[in-house]
Amino acid sequence: MFGLSAGDLGKRILGCGDGPAAFNAVLSKRGGRVVSVDPLYRFSVQEIRDRIAATFEVVLEQTRQNAHEFVWGKIRSIEELGQMRMTAMEEFLADYPAGRRAGRYREAGLTALPFAKGEFDLALCSHFLFLYSEQFSAEFHMESVKELCRVAREARIFPLLELGARPSRHLEPVIGQLQKDGFRVEIKSVPYEFQKGGNRMLRVRSAHQGLEGRVGCQPEALR
Ligand SMILES: C[S@@+](CC[C@H](N)C(=O)[O-])C[C@H]1O[C@@H](n2cnc3c(N)ncnc32)[C@H](O)[C@@H]1O
């Protein structure tokens, strides 16, 4: 999703809106430095488990009804998707109590993060910004991206589609405003594509950040 290189995985990483995903658990076990924030983390492990149980079938059924919006390649079926998600959530749940005590899972959310300027090298945000464009305004997106760039030297956001596999209505205005405000913005193709056409991420840095740390994917012109 983020075209992460081996070098990227050694950076101080912020996962924003990580939810019940396994990235933090897996990378931490490999010795990585990652902190995840999500409003969800105000809940206990049992409360999150109950919420997953209550919504799991509903989410899969929605995917079944919108199956034409997805690429059924590496993930071959709804059942396989369900199994993959459940495995990831179990990995998260097993790691969550100790990770929360260690400060790796923190209850927080955009547009205000409880971190100092430049505390991270890389902020990653998947399936929150742009995906919920109907629910969150362009202003929310703008403030959120700037906040990610305040606490990290670089922010990457994936995907750039909103629900319904449509290009986000906020993408162009947000990019335009960020560029006016002096941010360096690129759209990059990435290897992962599950939502049809959802194989692009946004990479944003403050103007003073260097060009080093190129990601392992091809540049693509802004569309
Ligand atoms: C669809 S989930 C994505 C989870 C994970 N990033 C993934 O790709 O599997 C969206 C997440 O955004 C979180 N969220 C909601 N409001 C947020 C906010 N203001 N700031 C950060 N995350 C938020 C939700 O709690 C939820 O866990």
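Ala165 sits in the loop that connects E6 and strand E7 (166-167). Helices (H or I, at least four residues) and strands (E, at least two) are DSSP runs, numbered from the N terminus. Ala165 is not a glycine, yet its phi is positive, about 55°. The model is predicted, so local features need pLDDT of at least 70 and side-chain atom pairs count only at pLDDT 80 or more, while totals for chains, interfaces and linings use all residues. Residues are numbered from 1 along each chain as its sequence is written, and side-chain values use heavy atoms, with hydrogens and water left out.

**Other backbone features**

His127 also has a positive phi, about 55°, although it is not a glycine. His127 is placed in the loop between E4 and H5. With a relative accessible area of 31%, His127 is partly exposed; buried means under 20% relative accessible area, exposed over 50%, and partly exposed in between (1.4 Å probe, protein chains only).

Two peptide bonds are cis. One runs from Leu110 to Thr111, with omega near 25°; Thr111 belongs to the loop between strand E3 (105-106) and strand E4 (120-126). Another joins Phe158 and Pro159, with omega about -10°, and Pro159 lies in the loop between strand E5 (152-158) and strand E6 (161-162).

**Ligand site**

Which residues surround the ligand? They are Gly17, Asp18, Gly19, Ala21, Asp38, Pro39, Gly109, Leu110, Ser126, His127, Phe128 and Tyr132, where a residue counts as near if one of its heavy atoms lies within 4 Å of the ligand. This shell divides into five nonpolar, five polar and two charged residues. Ala, Val, Leu, Ile, Met, Phe, Trp, Tyr, Cys and Pro count as nonpolar, Asp, Glu, Lys and Arg as charged, and the others, Gly among them, as polar.

| Protein atom | Ligand atom | Distance |
|---|---|---|
| Gly17, backbone N or O | nitrogen | 2.8 Å |
| Leu110, polar backbone atom | nitrogen | 2.9 Å |
| His127, polar side-chain atom | oxygen | 2.9 Å |

On its own the ligand has 600 Å² of accessible area, of which the protein covers 73%; accessible areas come from the Shrake-Rupley method with a 1.4 Å probe.

An α-helix has 3.6 residues a turn, so residues three or four places apart point the same way.

Gly182 follows H6 and has a positive phi, near 95°. Gly182 is also one of the residues touched by Ser206, along with Cys149, Arg153, Phe183 and Arg184, not counting residues up to four places away in sequence. Ser206 is placed in strand E9 and is buried, with a relative accessible area of 12%.

**Ala94**

Ala94 is part of helix H4 (residues 78-101). Its relative accessibility of 66% makes Ala94 exposed. Ala94 and Val45 are 49 residues apart along the chain, and their C-alpha atoms are separated by 8.7 Å.

Notes: Polar contact = N/O pair within 3.5 Å; in protein donor to acceptor, adjacent residues only side chain to side chain. Contact = heavy atoms within 4.5 Å.
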